[in-house]
Amino acid sequence: MSVKGLETSRQDTKKAVSARWTAYALLFLGLSCGVPFFIYRQVGAQSFSINQHLWSWPVISALVLLLTIYFVSDALRLHFILKASGHNLAAGNLGKLTFINILFSNITPMATGGGFAQVWFLYRRGVSIGTATAATTIRTFIAMFLIFLPIPFLVAGMPYFRDGGMMTSVGWILASVAIGYLACFLVLLFRLRWLLRLFDLAAKGLVWLRLTSHERTRRIKAKFLREAVRFSRCLKIYVRGDMKYVFLSVFFTFIFLLSLFSFPSVLFWGAGYQTNYFTTTGLLVVSTCIMYFAPSPGGAGFAEGVFGLFFASLIHASELVGIILVWRFLTIYLGMLIGIPVTLHELTRWRIGNG
């Protein structure tokens with residue numbers, strides 16, 4: 001291929017990537033606005049309002065403190081994963097990466113969206129691509145492990161999932177998925193061959209049903225094996241690092257998740273509702289588990305919908321959508337708004353550096 005043809009191909013690739021990110025961003029905005037409006041119509045609210053008590057200084061002070069813990073612990077969990085892997089990142093770069101991650105992970109579908117942006121940023125700061133990929137992947141899997149671990153106990157113990165109706169079935173399906181995920185995680189780490197045998201059995205069944213071909217399953221297995229071995233190796237390197245840093249990375253992941261799940265309780269308290277902290281937090285854990293599998297960018301639409309489903313009976317209809325929007329603004333939109341100028345600044349520096 002000629003130089004001109006290669007340059008044209010690069011330009012076409014850039015345009016395709018830009019169009020895809022624009023589509024994801026528009027879908028995120030559409031779902032984030034459309035679903036709350038749908039909830040507003042469905043709950044039969046006569047008016048829209050944000051509880052005035054949420055603007056009081058005690059509530060604002062509590063939310064600012066919670067936001068600080070939320071953002072700082074998010075940065076520190078990756079910091080200690082990198083430290084356990086033998087790398088260090090300056091505090092300023094950690095802050096930038098935190099908001100870049102929030103931005104990209106919420107305009108890409110599924111749980112691991114936005115990983116490439118974090119790897120790109122770390123690589124530009126001297127971290128090898130392999131280590132950067134391992135660190136960002138491990139961060140996601142530690143969070144998922146801590147979220148999925150209590151799901152079966154929450155479903156079994158919370159009255160919300162014991163009414164004998166649809167939510168009971170949904171709850172136990174979700175609990176089964178969580179148990180399956182945890183089992184696959186442990187097998188991947190300690191008994192990879194078992195997982196490959198299970199894959200072979202499933203592949204043979206699909207081929208027998210004429211749903212796929214031998215060649216396609218062979219390619220999928222090769223790709224799966226490559227990624228599984230890479231992740232297993234990276235995880236073993238991580239857990240063999242300084243145990244102090246391994247413990248701190250798990251600890252700050254727990255603090256990050258606890259702060260994330262505490263926002264609704266603070267909002268309910270500020271609005272004057274008497275809700276049980278453990279019930280509210282448990283329902284947020286369940287809804288976050290659902291969001292990990294949502295096909296929409298950042299779980300947009302699903303997050304608002306599940307929140308409305310879980311808490312509609314606890315909050316006045318006219319205030320439900322307002323609390324949903326405040327909750328999403330604090331936990332998602334604010335970080336994304338900070339992430340936009342940070343990302344644009346980094347892209348500008350990269351373009352200038354590359355002439």
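Analyst: Leu211 sits in the loop that links helix H8 (192-208) to helix H9 (214-239). This is a predicted model: local features require pLDDT of at least 70, side-chain atom pairs pLDDT 80 or more, while totals for chains, interfaces and linings take in all residues. Numbering starts from 1 along each chain as its sequence is written, and side-chain values use heavy atoms, without hydrogens or water.

User: What makes Leu211 count as exposed?

Analyst: Its relative accessibility is 62%. Exposed means over 50%, buried under 20%, and partly exposed in between (1.4 Å probe, protein chains only). Therefore Leu211 is exposed.

User: Why does Arg139 have no salt bridge?

Analyst: A salt bridge needs a side-chain nitrogen of Lys or Arg within 4 Å of a carboxyl oxygen of Asp or Glu. Asp74 is the nearest side chain of opposite charge, at 4.1 Å, so Arg139 has none. Arg139 belongs to helix H5 (residues 129-148) and is buried.

User: What is Arg139 in contact with, beyond four places in sequence?

Analyst: Its partners are Asp74, Arg77, Leu78, Ile81, Asn101 and Gln118. Contact means heavy atoms within 4.5 Å. Gln118 is itself buried, in helix H4 (residues 115-124).

User: How do you know that helix H12 is mostly covered?

Analyst: Of its 10 residues (302-311), 7 are buried. They are Ala303, Glu304, Val306, Phe307, Gly308, Phe310 and Phe311. A helix here is a DSSP run (H or I) of at least four residues, numbered from the N terminus. The protein chain has 13 helices and 0 strands.

User: What makes a nonpolar core, and which residues have the most contacts inside the largest one?

Analyst: A core is a set of buried Ala, Val, Leu, Ile, Met, Phe, Trp, Tyr and Cys residues joined through side-chain atoms within 4.5 Å. The largest has 93 residues, and Phe148 and Ile151 have the most contacts inside it. Leaving aside neighbours within four places, Phe148 touches Ala178, Tyr181, Leu182, Cys289, Tyr292 and Phe293. Across the protein chain, 45% of the 355 residues are buried.

Methods. Helix = DSSP H or I, 4+ residues; strand = E, 2+ residues; numbered from the N terminus. Lys, Arg positive; Asp, Glu negative; His and termini not counted.
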